[in-house]
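Thanks, everyone, for making the time.

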Amino acid sequence: MTTKFEVLISKERIQGRVKEIGSEINRQYSERVSEISPLLVVGVLKGAFVFLADLVRELKIPCEIEFVSASSYGDSTESSGNVKFQNFISRDLKGREVLIVEDIVDTGLTMKKMLGEISNQGAEQVAVCSLLYKPSRKQVDIPIEFLGFEIDDKFVIGYGLDFDDRYRDLEEIVIYSPESEG
Ligand code: IMP
């Protein structure tokens, strides 16, 4: 990686925290899910794909995986607030334990809409697992049952997070600034 980016969270810290969150999920769901009724892990694309891939490999409980595509940013660092989903889950969610996996909760508007849609489809319980949370940007309250790191109001990229669809491949979480590009 180029040294022009300021690293906020190192690869080692991310890996350590993902393991801790995985253990916590295993503990909390061990009695609530089974081979007959596995945990349904729902990843929010595209940003959560790296986190979800690492996280599910820490799980020791039966699980199934779905993805939903959400967009509200385009090529800006400010959310438009106009959250759109593509390919929303078509399977039956009645009675299911659902865990939404997100890269970052910023304003909270994406998660609010996701929680609403999944509850409307009859899920038994819906919980949120987010790698990052920016409390200073909050517009709506979101219960985050499993959280990686709280961060300041900085636009970050890497480990799945993008600016204009770039930098998702970085192994660390770094602070984005236009001067860093090149
Ligand atoms: P919210 O609806 O404002 O909570 O935004 C959630 C979505 O915005 C996340 O899933 C990200 O895709 C994107 N987002 C918010 N903050 C950042 C950031 O700092 N870097 C990259 N993407 C972000």
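This is a predicted model: local features need pLDDT of at least 70, side-chain atom pairs count only at pLDDT 80 or more; totals for chains, interfaces and linings use all residues.

Accessible areas here come from the Shrake-Rupley method with a 1.4 Å probe, and for residues only the protein chains shown count as cover. On that basis the protein chain exposes about 9,300 Å², of which carbon and sulfur atoms supply 45%. Residues are numbered from 1 along each chain as its sequence is written, and side-chain values use heavy atoms, with hydrogens and water left out.

With 182 residues, a compact globule would have a radius of gyration near 16 Å, and the protein chain agrees with that at 16 Å; the radius is taken over C-alpha atoms, and the globule rule is 2.2 Å times the number of residues to the power 0.38.

Turning to the fold, the protein chain has three helices and nine strands, these being DSSP runs numbered from the N terminus (helices H or I, at least four residues; strands E, at least two). Six strands form an open sheet with mixed pairing, in the order β4-β3-β2-β5-β6-β7, where pairing requires that DSSP finds at least two bridges between two strands. The edge strands, each pairing on one side only, are β4 (84–86) and β7 (146–150). Strand β6, residues 125–133, pairs with β7 in the parallel sense over four bridges, and C129 stands opposite F146 in β7.
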